[in-house]
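Welcome! Please take a moment to look over the sequence and the 3D structure below, and then we can walk through them together.

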Amino acid sequence: MLVAVLVGLVAGLVLAIILTPRVVEYVETIEIGARPELIYDAIRQQRDLMRWSAWPSETGSDCAVEGLDGDVGARTVFLNKKGDRFGYQEVTALSAPHKVSFVLQSKGPPHTPSMDFYMVEVANNRTQVLLHFRNEIAPPFHLGLRIAGVVRWTRMMHGKDLHGLKRFLEQGVDYQGQALRPAA
């Protein structure tokens, strides 16, 4: 009887691994009271991005910019409180003023996350921003990340990012709600 139960559990786990989607993909949108050019610059300029992004404060990490900020190849490097790197995001493509693309790299299970921001002008001084996220996670990690809620948490963080971008451009505040001073 115990053998049959174990076989059933193993078979169920194997089936779950096979049937659980490996690819996570979604689009989040927000409308912002700004022209596409301003939004494009706020996204591609890593120093600005880190002022409106939820990730540094929500994960307790510090950031540093490597490369020519705002150009393809520029990276925001994520650092823990000891100053050790644990990941980065890199600008991989720019199409002014309508698209900024990133690839992301972090410690953890094998995965290939990427993100595209699209700016679509909907009216004078109103722009719809679409954040398209895609990540292919290697098995069996894809199942564990879904069960642990990492996929849901990541999507929630992208929603916070879009709201931070909106507040940054419309209200002139950073992610913490502090009035902006010129970037260093």
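## The overall picture

How many helices and strands make up the secondary structure of the chain? There are six helices and seven strands, where helices (H or I, at least four residues) and strands (E, at least two) are DSSP runs numbered from the N terminus. Followed along the sequence, their pattern reads α-β-α-α-α-β-β-β-β-β-β-α-α.

The chain has 184 residues, and 37% of them are buried. Here buried means under 20% relative accessible area, exposed means over 50%, and partly exposed lies in between, using a 1.4 Å probe and protein chains only. Of the contacts in the chain between residues at least 6 apart in sequence, 54% join residues at least 24 apart; a contact means heavy atoms within 4.5 Å.

Residues are numbered from 1 along each chain as its sequence is written, and side-chain values use heavy atoms, with hydrogens and water left out.

The predictor's confidence in each residue is given as pLDDT, from 0 to 100. The chain averages 87, and 86% of the residues score at least 70. Where in the chain is confidence lowest, and where is it highest? The lowest mean, 58, belongs to helix H1 (residues 2-19), and the highest, 97, to helix H2 (residues 36-44). Where pLDDT is low, the predicted coordinates should not be read in detail.

## Two helices that pack together

Helix H2 packs against helix H6 (residues 150-171) at an angle of about 125°, and their axes are 11 Å apart. That angle makes H2 oblique to H6. For reference, the axes are lines fitted to C-alpha atoms, for helices over the stretch in contact, and the angles run from 0 to 180 degrees between N-to-C directions. Angles under 35 degrees count as roughly parallel, over 145 as roughly antiparallel, 65 to 115 as roughly perpendicular, and the rest as oblique.

The crossing of H2 and H6 is right-handed, a term used if the near helix is turned clockwise from the far one by less than a right angle, with anticlockwise being left-handed. Which residues make the contact? H2 brings Leu38, Ile39, Ala42 and Ile43, and H6 brings Leu165, Phe168 and Leu169. The residues of this contact are seven nonpolar, no polar and no charged. In this scheme Ala, Val, Leu, Ile, Met, Phe, Trp, Tyr, Cys and Pro count as nonpolar, Asp, Glu, Lys and Arg as charged, and the others, Gly among them, as polar.

## Residues in the strands

Is phenylalanine 117 buried or exposed? Phenylalanine 117 lies in strand S6 and is buried, because its relative accessible area is 1%.

Lysine 99 counts as partly exposed, at 27% relative accessibility. Beyond its neighbours within four places in sequence, lysine 99 is in contact with Tyr40, Ala93, Leu94, Asp116, Phe117, Tyr118 and Met119. Isoleucine 137, in strand S7, is buried at 3% relative accessibility. Isoleucine 137 and valine 23 are 114 residues apart in sequence, yet 6.3 Å apart in space, C-alpha to C-alpha.

## Loops and the end of the chain

Where is the cis peptide bond that has an omega of about -10°? That bond joins alanine 96 and proline 97, and proline 97 lies in the loop between strand S4 (85-95) and strand S5 (99-106). In the loop between strand S6 (111-123) and strand S7 (126-137) sits asparagine 125. Its phi is near 65°, a positive value in a residue other than glycine, and asparagine 125 is partly exposed at 37% relative accessibility.

Glycine 172 lies in the segment after H6 and is partly exposed, at 28% relative accessibility. Setting aside neighbours within four places in sequence, glycine 172 is in contact with Arg167, Gln178, Ala179 and Leu180.

Notes:
Predicted model: local features only at pLDDT ≥ 70, side-chain atom pairs only at ≥ 80, totals over all residues.
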